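Welcome! Please take a moment with the sequence and the 3D view before reading on.

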Amino acid sequence: MDLLDLLHDTMSSPWVYLALFAIAVLDGFFPVVPSETAVITAGVFAASGTPYLPAVIVVAAAGALVGDHVSYAIGRGGGARLLGRLPADGRRSRAIDRARRGIATRGGLILTVARYVPGGRTAVTLTMGAVRFPRRRFLAFDALAAGSWGLYSALVGYVGGLAFEQDPLRGLLLGLGLALTVTVVVEVVRWLRNRRRATPDTEAFSAEAVSRPADAR
């Protein structure tokens, strides 16, 4: 049995939905599990009718939601105790304070964008738990983030499957390529935004240094 036959048998099994759910849950707090690849693969084969695309989307999103809440709970338990031990005037404590303010004002956006950044999903959910981000707000934002991720991942694979109906492996490669492209675009946008934010701070510091009297330097 070759790889294509193995994938076909796996994706045509009714157990595939349970497998997708479990993988998405584990990926929430154990990020080496390739949940996005699994959902994209299911989307590719869904183009031929099996598995059922709406079910793939719902199961993937539900698994991601549960996994994120496990990560949040881990951060809220051990993470909160760890943060409480940091010196109040330490550098890490100040960094956590900045992170807490950022999450408080842009929590939903941060949580959604982090899902498309390698390793970002777990880091953000752990931090949200550690800084005790309100659980109800976390649930609301994460439901949106998990739903969008499940829809996106399955449809990316589905597009690849439609493009190569007679060659699912090529469809899978196309789907993974599209997902990688989106990840790269997100990373580039984040890098540009961070650079733009850092530039005014640098300019302000330089202006202050220049205007400072010579005897004060």
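A residue counts as buried when its relative accessible area is under 20%, as exposed when that area is over 50%, and as partly exposed in between. Thr 122 has 9% relative accessibility, so Thr 122 counts as buried. Keep in mind that this is a predicted model.

**The whole chain**

- The protein chain has eight helices and zero strands.
- Read from the N terminus, its elements therefore run α-α-α-α-α-α-α-α.
- Of the 217 residues in the protein chain, 36% are buried.

**Helix α6 and its surroundings**

- Thr 122 belongs to helix α6, which covers residues 120-130.
- Eight of the 11 residues of α6 are buried, so this helix is largely enclosed by the rest of the structure.
- You can look for the buried ones by name: Gly 120, Arg 121, Thr 122, Val 124, Thr 125, Met 128, Gly 129 and Ala 130.
- Leaving aside residues up to four places away in sequence, Thr 122 touches Asp 27, Gly 28, Phe 29, Pro 31 and Ser 71.
- Arg 121 has its charged end over the ring of Trp 149, at 5.9 Å from the ring's centre.
- After α6 comes Arg 132, which has a positive phi, near 60°.

**Where α2 meets α6**

- Helix α2 spans residues 16-29, and it packs against α6 at an angle of about 65° with the two axes 7 Å apart.
- Which residues meet here? On the α2 side they are Ala 24, Asp 27, Gly 28 and Phe 29, and on the α6 side they are Arg 121, Thr 122 and Thr 125.
- Sorted by class, this contact brings together two nonpolar, three polar and two charged residues.
- The buried residues of α2 are Val 16, Leu 20, Ala 24, Val 25, Asp 27 and Gly 28.
- Here is a length check you can follow: at 1.5 Å a residue, the 14 residues of α2 should span 20 Å, and the end C-alpha atoms are 21 Å apart, which agrees.

**Aromatic rings**

- Searching the whole structure turns up two aromatic pairs.
- For Phe 133 and Phe 141, the ring centres are 6.3 Å apart and the planes are at 40°, so this pair is tilted.

**Two residue pairs to find in the 3D view**

- Ser 12 lies in the loop between α1 (3-11) and α2.
- With a relative accessible area of 37%, Ser 12 is partly exposed.
- Ser 12 and Phe 45 are 33 residues apart along the chain, and their C-alpha atoms are separated by 8.6 Å.
- Val 159 has its place in helix α7, which covers residues 135-163.
- Val 159 counts as partly exposed because its relative accessibility is 45%.
- Between the C-alpha atoms of Val 159 and Leu 172 there are 9.4 Å, and these residues are 13 apart along the chain.

Conventions
Residues numbered from 1 in each chain as written. Predicted model: local features only at pLDDT ≥ 70, side-chain atom pairs only at ≥ 80, totals over all residues. Heavy atoms only, no water. Axes fitted to C-alpha atoms, helices over the stretch in contact; angles between N-to-C directions. Helix = DSSP H or I, 4+ residues; strand = E, 2+ residues; numbered from the N terminus. Contact = heavy atoms within 4.5 Å. Nonpolar A, V, L, I, M, F, W, Y, C, P; charged D, E, K, R; others polar. Phe/Tyr/Trp six-rings, centres within 6.5 Å; stacked < 30°, edge-to-face > 60°. Lys NZ or Arg CZ within 6 Å of the ring centre and 35° of its normal. Buried < 20%, exposed > 50% of the residue type's maximum accessible area, 1.4 Å probe, protein only. Expected span 1.5 Å × (residues − 1).
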